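Visitor: I'd like a close look at just one part, the contact between the chains. Please walk me through it.

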Amino acid sequence: MKALLVDDSATMRKIQKGALETLGFDAFVEAGDGVEAIQKMREGNFAFDLIVIDWNMPNMDGLTFVQKIRSVPALKGLKVVMVTSNADRPSIVAALKAGVNGYVAKPFTPDTFKQKVKEILGGPNGQGAASNV
Amino acid sequence: MSENGLDAIYAACFIDGTEELFRTMLGLAVNACVLETDAPRPKADVSAIVGLGGTAAAGSFVLSFERATALRVISRFLGSEVREMMPDGADGVCEIANIIVGRALALLRSGGIAMSMSIPQVILGGVHSIAGRRDTQGKVVRFDSDLGPFTAEIRIRQEMNDGPGMERRRES
């Protein structure tokens, strides 16, 4: 499985990569902001099983990125999880309205992150995106 | 500010944020102790600094480690050994400070205090000390952990006008 990791912190991308490897992900593309992420998506022919994205980044933030990709009908099926310190209810609602499938607040445990990814991917313990509201 | 305990409220939120990050992302309990103003502080040669801004108050957050402690903490944070501060160690210290401040600001926001944060920066090398402006009130908190001690310093100045603070950058 292939994931696109979008965060301006290389450390956070590395933590996420380590967690996803335990779930069977074996290919990763990394980007430091939304603009680079869109470029990497084009280069990868938009073929990703999961996109993990931070909210606050330079150039293009995660919310804008999600709004952009959700405006393209062909990309509506992409699974997106937002990982951010913006844990207040208005932020969560805004992200869900924009089209994220799941939301993980920093700081998080590896198990919390992995469980959310499983839910989003519809794994054996998951209930699908509706459980993330 | 000390008279009405506001600096203690700010400090409590940053202590909670620090404890929560270490508990959740490193699986590590830390014990916090607010130091007396003139108490000796642990040596530091790695410090991450985050600026704070807002209409009610402005200030800074500084997280300081000895180099060996910083490397142990970052290694635990990443789940793999980090031997050098550049680039992985420095990036890791910045991200830890970023998450702590993000969490503290969320706690402050839930209490009606809106603040923004700058992009974290890190000071590396040599035993250094960091001094704040005289017009700020501060708390220095020593944290003890199995990976070694470290300190956090929160300095806050209440703003006396309703004008805008620093450019808002929401925590990431």
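Guide: Happy to! Of the 133 residues in chain A, 53% count as buried (under 20% relative accessible area with a 1.4 Å probe, protein chains only). This is a predicted model, where local features need pLDDT of at least 70 and side-chain atom pairs 80 or more, while totals for chains, interfaces and linings use all residues. Residues are numbered from 1 along each chain as written, chains are lettered from A and ligands numbered from 1 in written order, and side-chain values use heavy atoms, without hydrogens and water.

Now to the contact (heavy atoms within 4.5 Å): chain A brings 20 residues and chain B 19 residues. Together they bury about 1,700 Å², with 54% of that on carbon and sulfur atoms; this is the accessible area (1.4 Å probe) lost on being put together, summed over both. On chain A's side, A:Thr11, A:Ser85 and A:Pro107 supply 33% of the area buried against chain B, more than any other three residues.

Two salt bridges link chain A and chain B (a Lys or Arg side-chain nitrogen within 4 Å of an Asp or Glu carboxyl oxygen). One pairs the side chains of A:Lys106 and B:Glu95, at 3.3 Å from N to O. Helix H1 of chain A, residues 10-21, gives the most to the side touching chain B, with five residues; helices here are DSSP runs (H or I) of at least four residues. That side of chain A divides into seven nonpolar, eight polar and five charged residues, with Asp, Glu, Lys and Arg as charged, Ala, Val, Leu, Ile, Met, Phe, Trp, Tyr, Cys and Pro as nonpolar, and the others, Gly among them, as polar.

Technical notes: Buried area = accessible area lost by both parts, 1.4 Å probe. Helix = DSSP H or I, 4+ residues; strand = E, 2+ residues; numbered from the N terminus. Buried < 20%, exposed > 50% of the residue type's maximum accessible area, 1.4 Å probe, protein only.
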